[in-house]
Amino acid sequence: MKFFCFLFALQLVVSLCLAQVKVDGLLCENRTDPIGMDAAHPRFSWKLTADRRNEMQAAYRIDVSENASFSGHVWDSGKILSDSSVFISYQGKPLQSGKKYYWRVKVWDNEGKASAWSAVAWWQTALFSVDDWKAKWISPGYIEDTVNRPSPLMRKQFTEHKKIKFAVAYITAHGLYEANINGKRVGDAYLTPGWTSYGKRLQYQTYDVTDLLKEGNNAIGIMLGNGWYRGIIGFADHKNVYGKDIALLFQLNITYTDGTTGIITSDESWKSSTGEVIYSEIYNGETIDHNKNQNRWTEPGFNDSQWSGVQVKDYPKNILLATYNEMVRKHETFKPVRIFKTPKNEQVIDFGQNLVGWVVLKVKGKAGDKLTVSHAEVLDKAGNFYTENLRAAKAQDTYILKGGEEEIFEPHFTFHGFQFIRIEGYPGDVVLPEDVTAVALYSDMKPTGTFTTSNLLINQLQHNIQWGQKGNFLDVPTDCPQRDERLGWTGDAQVFSRTATFNMNVNDFFSKWLKDVAADQSTEGAVPWVIPNCLGFSQSSTGWADVATVIPWNMYVAYGDKQILRNQYTSMKNWVDFMQRQSKNDLWQTGQSFGDWLFYSRDDDTDGSSAITDKYFIAQCFYSYSTQLLINAANALNKQEDVTYYSTLLKRIKDAFLKEYVTSNGRLVSGTQTAYTLALNFDMLPESLRKQAAARLVDNIHAYDDHLTTGFLGTPYLCHVLTRFGYDNIAYRLLLQETYPSWLYPVKMGATTIWERWDGIRPDKSFEAASMNSFNHYSYGAIGDWMYRVMAGMDTYDDGVGYKHIRIMPHPGGGFTNATANLQTYYGNLSSGWEIKDGKTYYNIEIPANTKADIFLPANQADDITENDKALALDKDVTIGKSENGYVGLKVGSGIYHFAVNGVAQTTPITPVAPVRGTK
């Protein structure tokens, strides 16, 4: 009997343990155990996991210490009654530079149960003060070849007489750098220190190099490249944008096992020379000559007696800042899917995917053999290698062999956009597949979203959206990755930003870039076309410059990170104020504008058809939208005076729009799809005119045989507006259209990324104008936002941004039998999927712990819905809300839910439940 009592007690204890809430997924400033943080008040986030439904946090306690045993407390928050688990600011003792701190958290849930302490996490601070920098800026001491500008090598040997406990290197450059210590690479990032507005903001990277150092002789070797700083960037062979110099700043802080410290810095004692990289430019590629390789120059014992010294430079250090965004790293690799000869008898390799990065090549040949690797996105109509659309970018890597043993070639300071390569000068007749590998490079953003459906073409479209994002999110959001451009075009980033938040965690990526938006914004508030502003002028264009308001708000909504609004609020306000000063009688009708870029027309997509939307009409719409977003931000930041002022301005802007651009019966001066889409999406029309305007939009779509005609600015909102005003069926028709212009036309033509133009390759396989015809250009991929938030129905409320308060409202239709979206939020996995089978529609939904959700399912009444085969009235975890507009409202907490609705959900017109986010 005692034995059975013991088993019962044991089972009870085990069950209680299993039911206990757990804490994991600890992040400091969005990163796991980060090194090199210069935030005085870093922010902590964590996730709750539990087996039960309706799991909510009621309180938390954060413990921060100088050691892992938590005997050196620097902050104990105590028990804080709050359900907040994201972006909790450190409030302890002042942090010290270059120091490691440990933290843990425990929580109490809504049943009063306490978790155990989480696993211990940590972060390492960077350098808080300019005075912490002891290093000196150094440049090569030799006379540079100013034509080819070979990559400089910088070197330092030193001896350590003590055992090393911990060592941290801080590195940055004018140009790009690649560092080695004792023959081993420092870190796994590429194209460091990244691209910023170098004259105002220059990032440095922090590395734990403890394992690379040793007691005794050591050597540091760092190679520099021109990069964005002084290389060719922009148009017309423009170089030296930020300076003619190339320079290094290096500092190594060492802590020894006896408690003492040491420091090695870049100074006049370093040596400089050149090596095997004899030419390197981002647009043109790299030339590597293995005959000029200074063998083992990064190792101790190398004889550098013939090397030159260095020049010490007095470059500023007060613009230095730690790196918070994810660095560029290697990701997927691709082997050839075919190796073939073109009709021109050129040897070409197809990797099957349009990607951004470079090719690693293994080759064996004679000394002096020269190989040239050219890069292209597509083949021409005849099947030949096509590079005309690269314009002035040579996009060629040239390799010169030393001979003898097998040699491996790989670039350092360039990147290419390509699916195909052409190899010239390869020893032997045919390249072997095992000797060539394509490597994808992009910022190391964490993948967060997946989306799949029953339609294979739509699945490929989603693939193309994601690869367009990967290829163009290479430290900055570029327009394209292959031609002589590759710039941070603001309009492209603005229209795609919300889609980007689903596919990857871009919080840090955009936070970094938006600081450059603010840095390069003119004193009058104008936002340049590209950021960083390497073009050198500050002209603004509507829809492009609105990046200053649109992306901060989108990031806040997607991640719930109020800090991005605080950081960007002045920039947001300055942009709206700029438009107000440019306006007369509250109408903005001055200045240059790109308009609805690359819209469709029956003849030509730049002019000459009824799809032209008045540029000042567009400007007034975005003037209103940016003002609304500024009001939203002011509300979030509790700036009530600004709310009042800009709300009054917003009314005047809309009144002026109605007077100037709308007839008394609601017809717009521009009768295009983009005009009606923007007017409806931004609530430029009074309620009484909206229904007829939506009908006019649909009539226009029908007039183009159910095709879209929108360009960059109208496309992101088109399907959202159709859904909002009850035309789901038309939105699905546009999504599934397979002929030009449409999202699926490029898919049917074999695209693996999003194209710049709707018809980059025409049906007869000829090309659009080579002057502007990128085959990796993410803007039109903004349809993804509609697929995730409408089709799968997964969204977040303004009163619970960052998916703290979730809205699930799927829209089955379009002949699909299933669609599922999954998103890794800061709270955990969020999922919404539906499937039609056996005369029913099934909905599978997962709500992460510490959140709540409102679910809207297409049904006539609650009695038509079951959850896990139970009537809703018998389900204690589901509260039935209001039924309207053909949807039944349900309120739930966290957990996994399986609903079934009698009957097959149909795409029928419905009255909108809510406007598109960002308008009121």
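Are F351 and F418 buried or exposed? Both F351 and F418 are buried, where buried means under 20% relative accessible area, exposed means over 50%, and partly exposed lies in between, with a 1.4 Å probe and protein chains only.

Before going further, the ground rules. This is a predicted model, in which local features need pLDDT of at least 70 and side-chain atom pairs count only at pLDDT 80 or more, while totals for chains, interfaces and linings use all residues. Residues are numbered from 1 along each chain as its sequence is written, and side-chain values use heavy atoms, with hydrogens and water left out.

Now the aromatics. Searching the whole structure gives 63 aromatic pairs. Rings of Phe, Tyr and Trp (for Trp, its six-membered ring) pair if their centres lie within 6.5 Å; planes under 30 degrees apart count as stacked, over 60 as edge-to-face and the rest as tilted. F351 and F418 are an edge-to-face pair, because their ring centres are 6.0 Å apart and their planes stand at 80 degrees. F351 is in strand 26 (residues 347–363) and F418 in strand 32 (residues 416–424), so this pair links distant parts of the chain, 67 residues apart. Helices (H or I, at least four residues) and strands (E, at least two) are DSSP runs, numbered from the N terminus.

F473 and F510 are also edge-to-face, because their centres are 5.6 Å apart and their planes are at 85 degrees. F473 sits in strand 35 (residues 473–474) and F510 in helix 5 (residues 507–520), so the pair ties together parts 37 residues apart in sequence. F473 counts as buried at 0% relative accessibility, and F510 counts as buried at 0% as well.

One aromatic cluster is made up of Y386, Y600, Y704, Y740, Y745, W755, F767 and F775.

Two arginines sit over rings. The charged end of R185 is over the ring of Y190, 4.1 Å from the ring centre, and that of R338 is over the ring of F340, 4.1 Å from its centre. The criterion is that NZ of Lys or CZ of Arg is within 6 Å of the ring centre and within 35 degrees of the ring normal.

Next, strands. How many residues of strand 40 are buried? In strand 40 (residues 828–837), 8 of the 10 residues are buried, leaving the strand mostly covered. Strand 39 (residues 818–825) pairs with strand 40 in the antiparallel sense over 8 bridges; two strands pair if DSSP finds at least two bridges between them. L823 stands opposite L830 of strand 40, and strands 39 and 40 form a hairpin with 2 residues between them. On to strand 41 (residues 840–847), which pairs with strand 40 in the antiparallel sense over 7 bridges. Here G833 has N844 in strand 41 as its bridge partner. Strands 40 and 41 also form a hairpin with 2 residues between them, and D838 in the turn has a positive phi of about 55 degrees.

There is also an open sheet of 5 strands with mixed pairing, in the order 37-38-42-46-45. Its edge strands, each pairing on one side only, are strand 37 (794–796) and strand 45 (878–884). Within this sheet, strand 38 (residues 805–808) and strand 42 (residues 852–858) run parallel and are joined by 4 bridges. R807 stands opposite D854 in strand 42.

Now some backbone points. Most residues other than glycine have a negative phi, and most peptide bonds are trans. The peptide bond between T192 and P193 is cis, with omega about 10 degrees, and P193 lies in the loop between strand 14 (184–185) and strand 15 (202–208). Another cis bond joins I531 and P532, with omega about -5 degrees; P532 is in the loop between helix 5 and helix 6 (547–559).

R391 is not a glycine but has a positive phi of about 55 degrees. R391 lies in the loop between strand 29 (385–386) and strand 30 (396–400), and counts as partly exposed at 30% relative accessibility. K765, also not a glycine, has a positive phi of about 70 degrees. K765 is in the loop between helix 14 (744–748) and helix 15, and at 51% relative accessibility K765 counts as exposed.

That is the list.
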